[in-house]
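My notebook is open, and I want to go through this one contact by contact. Here is what I am looking at.

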Amino acid sequence: MANLVCSLCGSQLEDRSAPVPELLGTNSAPTSIQTEAIEKYLIGIGNEIQLLETRVQQMRAAIYELQSQQESLKAIEKEHRALLSPAQRVYPELLSEIFTFFVHSNLVENPGTHFWNIKDNFDPSCGPLLLTSICRSWRRAAIATPELWTIIRFVVRPRRRFNLMDMWIERSRDQKLTIAIVDPNDYILDFVAVATGACNQQVLRLVSSQAHRWQSASFRLPYVKECWDAFAAAKGHIQRLERLELVLSRETWRGYIPDMFSDGRLLTDLTLANCPFPISRFPVRSEGITRLWFGSRNKLPVRSLIPIDTFFEGLMGLPSLTHLEIQNPTGFAPARSPSTQVISLPNLVIFDLLQHFQPHGIAELWQALQLPNLVSLRVRFRSRRPWFHSPFLNFFIHCSELQHLTLISPSIQQEQLIEVLQLSPADGITKLNIGLPNHPESWRVLDHLASQITLPRLSTLDITLFSGFSVAIAFIHKLVEMAWSRMTKVAQGHAQLQSVSLGFEGLDGSLITQTLSLLRTTLQSWDGIRLAHKSESIILERA
């Protein structure tokens, strides 16, 4: 039997030719001599199999060792390549700046609007704790950057211990703080008992001890004295507070009004949401407030509404007000007595009014307000109740400095809308946002806008189509004709219209697709206009 040599490893393998090949695949029984030969042959095969098994194990061990060495070298390579990364050459000061931008953009949503939402800064997946877990150098840079630790959002819920607040306060050093104390308002029935628990009280008192560093503060708590006692130390120490948001988190009100904000000399931005008491009773330095957000997030019970004349009294105490936003789904309670009160706010330049309904107090609001220097007016109603047209017109005609007008309500008739356009400041309105009612002749408003005499300074036009609106070919032709006329045929001294957008409120996607198709077909015969489709709006732009 000749030996064979493996071409890969050089091992010698015996030639295992069958001793009785003539019997293989037959039913013939071997002779005694053939049986002896077969048994001897099987012994040799078994020995060879054991030898090969041993060699396989040795090869597997060798492969595992080689793979381990490979992974080790890869790790070394990665570490050394990291030394060549541009990030290694970033100055610590620049790294701190990047970290600050990252954390603040991750934790604070809509910083320019009210009800700004602060995410959980203690979350290790998005806040400063994430940066401290990357590497030693990043951890050192993060800890050495006090701006990273200036945002604090503490949710008052049952707990036995909370050790992170001390670390946050220490690492923020003497920087100004943005704080939010939040009632989760979910499963907690006896919130007062939770808020006055030993652990929560310790944390709230620690936050209160830093009141001299508060720059922005949001309190979403019930107006129950026991919930505010932990902040008693803040009174007299909030001289750096610029922005304050108070949100009544639960309907229960026992007559308590927080009184620790009376010394806020720098306070300019105030939000009162679900407020159960008149603004005039809230102890703050009102003469410095330039921005007020007043309203509620949801429909309030009638007993919680403030009389409209009481609201007026609060406005009269805000002489420096430049931005007023009222967002009130329910509205105001009726006036306590008939009044011809006039509220003059000469510094107010921005007025936003969002109402889900047309409730009590809106007609009185238009009759009372005098805003001679108003620049931006945004009115959005969702109710289909009759529009308070005459009181609004009496208010509107005195807004001679108006430049931006938003007037969206499904209850405004096209004749009323045309009258508003006719009475608009001749050289003022540059941006117009209107809602068109579901009316077969809504194109008449477009006919009116096509005239160069109407709003000669207009550069941006946004149109909102309400639910139930039927886009007819006549409307599309009027829209394109108006846009083309004001984009290409501009009279001397008039502004050139830059864009017209169609928004769809409560309409399904099929109508948007239909409108887009009609516009594409119509625009084939009009030069100078470009069509764009963005999300739920269609835009006609000057080419």
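I checked Asp352 and found it buried, at 6% relative accessibility (buried is under 20% relative accessible area, exposed over 50%, partly exposed in between, with a 1.4 Å probe and protein chains only). Its partner is Arg378, and their side chains meet in a salt bridge at 2.7 Å, N to O. For that I need a side-chain nitrogen of Lys or Arg within 4 Å of a carboxyl oxygen of Asp or Glu. Arg378 lies in strand 15 (376–381) and Asp352 in strand 13 (350–355), so the pair ties together parts that are 26 residues apart in sequence. Strands here are DSSP runs of E, at least two residues, and helices are runs of H or I, at least four, numbered from the N terminus. Arg378 itself is partly exposed, at 42%.

A note on what I'm using: this is a predicted model, where local features need pLDDT of at least 70 and side-chain atom pairs count only at pLDDT 80 or more, while totals for chains, interfaces and linings use all residues. Residues are numbered from 1 along each chain as its sequence is written, and side-chain values use heavy atoms, leaving out hydrogens and water.

I looked up Arg530 with Glu541, whose closest N and O atoms are 3.4 Å apart. Arg530 is in strand 20 and Glu541 in strand 21, so this pair ties together parts 11 residues apart in sequence. Then I went to helix 1 (32–83), where Glu77 and Arg81 sit four residues apart, about one turn of the helix. They form a salt bridge too, at 3.3 Å between the closest N and O atoms. Glu77 is partly exposed at 42%, and Arg81 is exposed at 55%.

Where does the side chain of Thr100 reach? I found it at the backbone oxygen of Ser96, 2.8 Å away; a polar contact is a pair of N or O atoms within 3.5 Å, where within protein one must be able to donate a hydrogen and the other to accept it, and residues adjacent in sequence count only if both atoms are side-chain atoms. Thr100 is in helix 2 and counts as buried at 17%. Ile98 is also placed in helix 2 (92–107), but Ile98 is partly exposed at 44%.

Leu455 has a positive phi of about 50° although it is not a glycine. I see Leu455 in the loop between helix 13 and strand 18, buried at 4%.
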